[in-house]
There are 2 protein chains.
Amino acid sequence: MLELLLVAVGGGLGAAARFVVDGEIRARHNGGFPWGTFVVNVTGSFLIGLFSTLFSTLTWYGVPADVARLVQFALTVGLCGGYTTFSTATVESVRLAQSGRLRLALANTLGTLLVTVLAATAGVGVGGLFV
Amino acid sequence: MLELLLVAVGGGLGAAARFVVDGEIRARHNGGFPWGTFVVNVTGSFLIGLFSTLFSTLTWYGVPADVARLVQFALTVGLCGGYTTFSTATVESVRLAQSGRLRLALANTLGTLLVTVLAATAGVGVGGLFV
């Protein structure tokens with residue numbers, strides 16, 4: 001139950017952060033490509049890689065294992081899960097395709113995929129330097 | 001400010017729903033493939049396609065346009081955004097690849113991509129039947 005509550009709070013904060021970041025980027029780039037969602041998914045993928053790796057270091061600083069696990073849940077499943085979004089990226093690609101901009105739709109889909117995998121790998125890698 | 005609050009509440013509820021759905025699926029399929037995240041992203045992509053299309057029908061029932069817009073924000077950016085997750089899907093693919101299960105990693109990445117796009121298209125299509 002506590003896990004569920006932490007995931008909900010983390011998810012709410014993550015979704016709010018996504019809304020702010022996406023809004024700021026949209027205000028600057030109102031072209032065809034959904035840069036806001038792209039940047040959110042890339043930065044969130046880096047962070048989840050980082051958090052999921054760094055999590056094990058919490059116990060080194062005397063944090064009990066069960067508390068460390070709850071912190072990990074709040075940060076990864078909650079915060080990063082709520083911050084990043086698959087559905088928005090997908091529907092944006094569908095909308096681009098519907099409006100005949102197939103190249104942008106494909107660039108959005110494959111570009112997000114490639115760069116988020118690289119970002120998550122980078123996050124795991126950077127976290128690994130401290131573990 | 002109200003938009004941000006609605007996105008946060010919707011995102012929190014979405015993240016909690018993801019946690020429950022993912023947990024139920026994990027309890028049944030504890031094999032190598034991350035079915036939980038897959039199902040969450042596919043169903044969330046269908047729902048965001050549906051909600052973003054049905055949104056325009058709210059005003060037909062006398063809902064003021066600005067209220068309809070807030071409902072749309074809460075359901076798409078908030079609920080669906082918090083329910084689906086890009087970062088978990090990405091990091092699960094990275095973990096599969098790290099453990100040498102490259103085929104499963106690729107199947108997860110490309111399979112999620114393909115099926116979520118189909119699901120969002122289906123959602124837009126089903127919504128379009130009522131618009």
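This is a predicted model: local features need pLDDT of at least 70, side-chain atom pairs count only at pLDDT 80 or more; totals for chains, interfaces and linings use all residues.
User: Is B:Thr37 buried or exposed?

Analyst: B:Thr37 lies in helix H2 of chain B, which covers residues 35-54. Its relative accessibility is 5%, and a residue counts as buried when that value is under 20%. Leaving aside residues up to four places away in sequence, B:Thr37 touches B:Asp22, B:Arg26, B:Thr85, B:Thr88, B:Ala89 and B:Glu92. Because of its 5% relative accessibility, B:Thr37 counts as buried.

User: How is H2(A) oriented relative to H3(A)?

Analyst: Two packed helices are described by the angle between their axes and the distance between the axes. In chain A, helix H2 (residues 35-54) and helix H3 (residues 65-83) have axes 9 Å apart, and they pack at an angle of about 170 degrees. Angles over 145 degrees count as roughly antiparallel, so H2(A) and H3(A) are roughly antiparallel.

User: How many nonpolar residues are there in the contact of H2(A) with H3(A)?

Analyst: On the H2(A) side the contact includes A:Val40, A:Leu47 and A:Phe51, while the residues they and their neighbours meet in H3(A) include A:Leu75, A:Leu79 and A:Tyr83. The residues of this contact comprise 5 that are polar, none that are charged, and, as the number asked for, 8 that are nonpolar.

User: Is B:Leu118 buried or exposed?

Analyst: B:Leu118 belongs to helix H5 of chain B, residues 102-128, and its C-alpha atom is separated by 20 Å from that of B:Leu104, 14 residues apart along the chain. The relative accessibility of B:Leu118 is 54%, and the cut-off to pass is over 50%, so B:Leu118 counts as exposed.

How values were computed. Residues are numbered from 1 along each chain as its sequence is written. Chains are lettered from A and ligands numbered from 1 in the order in which they are written. Side-chain values use heavy atoms; hydrogens and water are left out. Helices (H or I, at least four residues) and strands (E, at least two) are DSSP runs, numbered from the N terminus. Buried means under 20% relative accessible area, exposed over 50%, partly exposed in between (1.4 Å probe, protein chains only). Contact means heavy atoms within 4.5 Å. Axes are lines fitted to C-alpha atoms, for helices over the stretch in contact, and angles run from 0 to 180 degrees between N-to-C directions. Angles under 35 degrees count as roughly parallel, over 145 as roughly antiparallel, 65 to 115 as roughly perpendicular and the rest as oblique. Ala, Val, Leu, Ile, Met, Phe, Trp, Tyr, Cys and Pro count as nonpolar, Asp, Glu, Lys and Arg as charged, and the others, Gly among them, as polar.
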